[in-house]
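Subject: A structure to look at, with notes

Dear colleague,

Please find below the structure that I am handing over to you. Have a look at the sequence and the model before you read on, and then compare them with my notes.

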Amino acid sequence: MRPAGLRPAWFVAGVLAVLVAVTAGLAFGSISMPPGDVAIELLNLIPGVHLRSGLSEREVAILTELRLPRVVLGLLVGAMLALAGAAYQGAFRNPLADPHLLGVAAGAGLGVTAVIVLRPAGEVSAGLPIGVPMAAFVGALVAVALTWVLGAAGGRDRSPAALILAGVAVAAFLSALQTFLLQRHVESLREVYSWLLGRLGTAGWHDVLVVLPYTVLTAAIMLTQRRELDVLTVGDEEAASLGLHPQRSRYILIVAASLGTAAAVSVSGLIGFVGIIVPHTLRLLAGPSHRSLLPLSLLFGAAFLALTDLLARVVGGAAEIPIGVVTAFLGAPFFIVVLRTTRSAVT
């Protein structure tokens, strides 16, 4: 049977979820604003539109210069992490595959840490350096390559359990290297530690503009491969008999997902479980076909992280809770449920 495509109702639901997340993220915080006025002010950003929103100049400045860049950054990061999680799970045929469990986030984190601690003394950056996403990408590719090689476990069969164990081992090794770098450069400890906990704080649009090209490229590649992912689910031999080159398609997906993870990690730090929560929830509700799962993961992943960031800001008050702590609090119980329901897939 031909896998079902993206149903319009689900696409509309995803777009509405993004709109709700954007409006809520802009309206609420230390200073709350009426959501209707916020929506009107967003329309004023469209060239040629001039509507009276009722917001003061100070509130408009907070909205457009502080909150809007942060919300957009959250949308990009959430979309990439959820999309990468769905792609990894399909490429590895492993329901537990996730950028963090495969060691990819740890590799990207090591690359970012190296850039931070090894930059020239006295250099001050107002935003994210241009080379940080590329360093994160190299680290992510090294990590996923190590996980893929170790997952063979002495043979050609890479079982889901072997890949997960290899990912845990690779993540532990790369985290040890990261700790070694920090011990040798203690002056960067506070900056790196704040980054490790996960955060979406941004001083304007700089970080958004740096990560945006990586996000667009990654999303375009992975969305064009969603049909191939459906074919890969039947097994490599069956996929080859249908005219697909399994290894080539898998490598394209892995490289693209690693690039997306690296871009997200470079600007947000280590935010876990997004790649587990969003794709699995959508798989249960909308079906397992990647032709619908990948676009929906893009939309609902963006909305999920924007709302999670709002929760971190509102609950923490003046002492803002790191968003990585919030996603871990939500994701750890969810992962246990997924592990129990997919026990047969990892044994």
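Two residues are said to be in contact when heavy atoms of theirs lie within 4.5 Å. With that in mind, of the contacts in the chain that have a separation of 6 or more, 78% are between residues 24 or more positions apart.

Before the details, please keep in mind that this is a predicted model, in which local features need pLDDT of at least 70 and side-chain atom pairs count only at pLDDT 80 or more, whereas totals for chains, interfaces and linings use all residues. Residues are numbered from 1 along each chain as its sequence is written, and side-chain values use heavy atoms, with hydrogens and water left out.

The overall picture

Helices and strands are taken here as DSSP runs numbered from the N terminus, with at least four residues of H or I for a helix and at least two of E for a strand. On that basis the chain has 14 helices and zero strands. A residue is called buried under 20% relative accessible area, exposed over 50%, and partly exposed in between, as judged with a 1.4 Å probe and protein chains only. Of the 347 residues in the chain, 51% are buried. The accessible surface, calculated by the Shrake-Rupley method with a 1.4 Å probe and with only the protein chains shown counting as cover for residues, comes to about 16,200 Å² for the chain, and 69% of that belongs to carbon and sulfur atoms.

The core and its rings

A nonpolar core is a set of buried Ala, Val, Leu, Ile, Met, Phe, Trp, Tyr and Cys residues joined through side-chain atoms within 4.5 Å. The largest one has 91 residues, and those with the most contacts inside it are Val77, Tyr88, Phe92 and Val274. Helix α3, which spans residues 57-92, supplies the largest share of this core with 19 residues.

Rings of Phe, Tyr and Trp (its six-membered ring) count as a pair if their centres lie within 6.5 Å, and the pair is stacked when the planes are under 30 degrees apart, edge-to-face when they are over 60, and tilted for the rest. The structure holds three such aromatic pairs. In one of them, tyrosine 88 and phenylalanine 92 count as stacked because their ring centres are 6.1 Å apart and their planes lie at 10°. Both residues belong to helix α3, where they are four residues apart, about one turn of the helix. Phenylalanine 92 also pairs with tryptophan 148, and this pair is tilted, with 5.5 Å centre to centre and 35° between the planes. Here distant parts of the chain are linked, since phenylalanine 92 is in helix α3 and tryptophan 148 is in helix α5 (residues 132-150), 56 residues apart.

Is phenylalanine 92 buried or exposed? With a relative accessible area of 7%, phenylalanine 92 is buried, and tryptophan 148, at 15%, counts as buried too. Through these ring pairs Tyr88, Phe92 and Trp148 are linked into a cluster.

The charged pairs

A salt bridge is counted when a side-chain nitrogen of Lys or Arg is within 4 Å of a carboxyl oxygen of Asp or Glu, and by this rule there are two. The side chains of aspartate 309 and arginine 70 meet in one of them, at 2.8 Å from N to O. This pair links distant parts of the chain, with aspartate 309 in helix α13 (residues 290-316) and arginine 70 in helix α3, 239 residues apart. Aspartate 309 also meets arginine 313 in a salt bridge, at 3.5 Å from N to O, and these two both lie in helix α13, four residues apart.

One more residue

Histidine 280 lies in helix α12 (residues 274-286) and is buried, with a relative accessible area of 9%. Leaving out residues up to four places away in sequence, histidine 280 touches Gln89, Pro95, Phe334 and Val338.

With best wishes
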